[in-house]
Amino acid sequence: MFNQQFKNKFFIALAAVLIAVSACSNKPHEIHFGSDECAHCKMVIMDEEFATQIVKKTGKAFKFDSIECLAAYTKEQQPKATDQTLWVPDFATVEWVNANDAFFVKSEVIKSPMGMGLLAFKSNEAANNHINQYPGKIISWNELTGFEMKSHSETMNMMKH
Amino acid sequence: MFKKILIITLSTLASILVFSGVLSAQNWVVSPKGNLNSVTEAIAKASSGDTITITEGVYFETGVVVDKPLTIIGEGKAIIDGQEDGFVVIVRSDSVTLKNFEIHNSGTSFIDDYAGLLVEKSQNVVLDGLTLADNFFGIYLSQSANVLIQNNTITASGLKETSSGNGVHLWYSKNVHVQNNTVTGHRDGFYFEFVEEVEVVNNLSHNNLRYGLHFMFSNNCSYSHNEISNNGAGVAVMYTSKVKIRNNNFKDNWGSAAYGLLLKEINESEIVDNNFSNNSVGLYMESSNRNNIFDNTFIQNGWAIKLMANSMDNVFTDNNFFANTFEVTTNSKQNFNLFEANYWSHYEGYDLDKDGFGDVPHRPVRLFSVVVQKHPQALILLRSTLIDLLDATEKFLPVITPDKLIDAKPRMREKL
């Protein structure tokens, strides 16, 4: 079976990996779907294609269930943009994308956790592909942070009976 | 006189029209081995007002669209099986009644919310005694009104959160009665978004992956006599005003993010006569204002109430607190809420004037609960003598705990 030497090597390798991982402090953290809470709305985070996070320079992560909550949180806290990285998921591949490099879509048909249909894409092309298939429009991060969470009366007016 | 005769004649004519309509309504019988062996075909042949009876058997059909006013009734164990391909049954007409049959195996998708039963832009719909099994979403209402959802059993065996939709999902709908349903194994048992005037009575929601009940942006709804237990994260309700939550049973929701009932931005609502037992946190309140919380019972919760300091003008009266590890905890020294005439099993005061209320105020926030709120790891010291000593000292000389968060009139006996 495995000898002691192998075990030692394994642990050294493991330690090296851990150190390497912890050194890249602004990298996105793993989200535990079904148990992590959104730092803004308190809901349990469920969907990979919507979940977002802020990683501080210190390595601490604030996790959110949606782009809506990430935007509302940054707007409320107004922290210095330099000491943190905002991560959003590419809707098509669920890879993490830096929010500065992402392209956002406000979809009319896809239901995001907070109901505003906000999606992120890693490229302009991917975003355009999406809106060619599903009704929606491309919006900028600034437009997006300008949204308030929909008031109730506004949304009830949208009901078409 | 002439007018009277005219009215009588008209009403007779009207009733003849109505009755002839009823008499001409046909009944179509679908059976696996009969001439008519498909529900889709029966709907195509039927005209408005007809009844379709589905007899015992399994019908492999997907995207069955009910596009005219019909009554569809199952006889025996009649199952429509969608074979995991898209929607199974879709209602796109007013005045449809679906009764006593089963809908199985809708498709699953990241983009589309496939459901066993979708009701879209329809009014006056009755869904009664249906069994929905292993669908992505169970019953899904979208832009519909005046719907009765009752006596349905909705189950799913989704093992992962991402591959499971909600049991009863209401979206942009109005005036819906949801009663006597059982939901289990879905992502959220009941999920309501942008709905109004919904009554949820006597339902059972248990063992769902996330919330037993979840709603947002849904004013003027009422929830009573429901039992919501053993769900992944309990119940969370948010961004809503004027809700009535009465006589419900919130129990057995354990976990670091599990709550009997979590309120986030819930205003001007009533939380009355509910039972909160065996939850990590019984009632959690954040940014929730002007609510009345009375006649509730909190038994054996980790925290009976977690009240965040951004909640104001809430009134807690006539509640019973039995054997909770922490009765109330908060994250501030301030308190803008009222606690009065509650029964606290941790109360150690006396009643010399025999008026039934303790003569010294009760402080439901323990020193240690403030410590734990800031440093959750400290919880390991819960049963230590040192902590008991600190708690006792803090009771006489409050330094850290909010000195205004007191019940000035604690009951000596439980409120019956």
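Colleague: How do I read burial here: is B:G234 buried or exposed?

Modeller: Buried means under 20% relative accessible area, exposed over 50%, and partly exposed in between (1.4 Å probe, protein chains only). B:G234 has a relative accessible area of 0%, so this residue is buried. One caution: this is a predicted model, where local features need pLDDT of at least 70, side-chain atom pairs count only at pLDDT 80 or more, and totals for chains, interfaces and linings use all residues. Residues are numbered from 1 along each chain as its sequence is written, chains are lettered from A and ligands numbered from 1 in the order written, and side-chain values use heavy atoms, without hydrogens or water.

Colleague: Where does B:G234 lie, and which residues does B:G234 contact?

Modeller: Strands (E, at least two residues) and helices (H or I, at least four) are DSSP runs numbered from the N terminus. B:G234 sits in strand β25 of chain B, residues 234–241. Contact means heavy atoms within 4.5 Å. Beyond its neighbours within four places in sequence, B:G234 contacts B:R210, B:Y211, B:G212, B:L213, B:N253, B:Y259 and B:G260. For a sense of scale, take B:S38. B:G234 and B:S38 are 41 Å apart, C-alpha to C-alpha, and 196 residues apart in sequence.

Colleague: B:R210 is among those contacts. With which residue does B:R210 form a salt bridge?

Modeller: A salt bridge is a side-chain nitrogen of Lys or Arg within 4 Å of a carboxyl oxygen of Asp or Glu. B:R210 forms one with B:D188, and their closest N and O atoms are 2.8 Å apart. The pair links distant parts of the chain, 22 residues apart. B:R210 is in the loop between β21 (204–206) and β22 (211–216) of chain B, and B:D188 in the loop between β18 (182–184) and β19. B:R210 is buried at 6% relative accessible area. B:D188 is buried too, at 0%.

Colleague: How many salt bridges are there over all chains?

Modeller: The search of the whole structure finds 16. In chain A, A:E95 pairs with A:K122, with the closest N and O atoms 3.0 Å apart. A:E95 lies in the loop between β3 (84–89) and β4 (96–98), and A:K122 in the loop between β6 (118–121) and α3 (124–133), so the pair ties together parts 27 residues apart in sequence. A:E95 is partly exposed, at 39%. A:K122 is partly exposed, at 39%.

Colleague: Which strands does the pair B:K251 and B:E227 link?

Modeller: The closest N and O atoms of this salt bridge are 3.7 Å apart. B:K251 is in strand β27 (249–251) and B:E227 in strand β24 (227–229) of chain B, 24 residues apart. B:K251 is partly exposed at 25%, and B:E227 at 27%. Salt bridges can also form networks: B:K242, B:E268 and B:R290 are linked in one.

Colleague: Now the interface. How many residues of chain A are in contact with chain B?

Modeller: 28 residues of chain A are in contact with 36 of chain B. Buried area is the accessible area (1.4 Å probe) that two parts lose on being put together, summed over both. Here it is about 2,800 Å², and carbon and sulfur atoms give 59% of it. The rule finds 1 salt bridge across this interface. A:D47 and B:R187 meet in a salt bridge at 2.6 Å, N to O.

Colleague: What is the volume of the largest cavity?

Modeller: A cavity is a set of points, on a 1 Å grid over the protein atoms alone, where a 1.4 Å probe fits but cannot get out; lining residues have an atom within 4 Å of a point. Points join across faces, edges and corners, and a volume is the space filled by probe spheres set on them. There are 3 cavities of 30 Å³ or more. The largest has about 370 Å³. Of its 25 lining residues, the closest to the centre are A:D47, A:K111, B:D113, B:F137 and B:R187. B:D113 lies in the loop between β9 (102–104) and β10 (115–120) of chain B. Leaving out residues up to four places away in sequence, B:D113 touches A:K111, B:F87, B:F136, B:F137 and B:Y140.

Colleague: Which classes of residue line the largest cavity?

Modeller: Ala, Val, Leu, Ile, Met, Phe, Trp, Tyr, Cys and Pro count as nonpolar, Asp, Glu, Lys and Arg as charged, and the others, Gly among them, as polar. This lining has 10 nonpolar, 7 polar and 8 charged residues. The second largest cavity has about 60 Å³, with a lining of 2 nonpolar, 1 polar and 5 charged. Helix α4 (385–396) of chain B gives the largest share of that lining, 3 residues.

Definitions and conventions
On a 1 Å grid over the protein atoms alone, a cavity is a set of points where a 1.4 Å probe fits but cannot get out, and a pocket is an open set with protein on both sides within 12 Å along at least five of seven lines; lining residues have an atom within 4 Å of a point.
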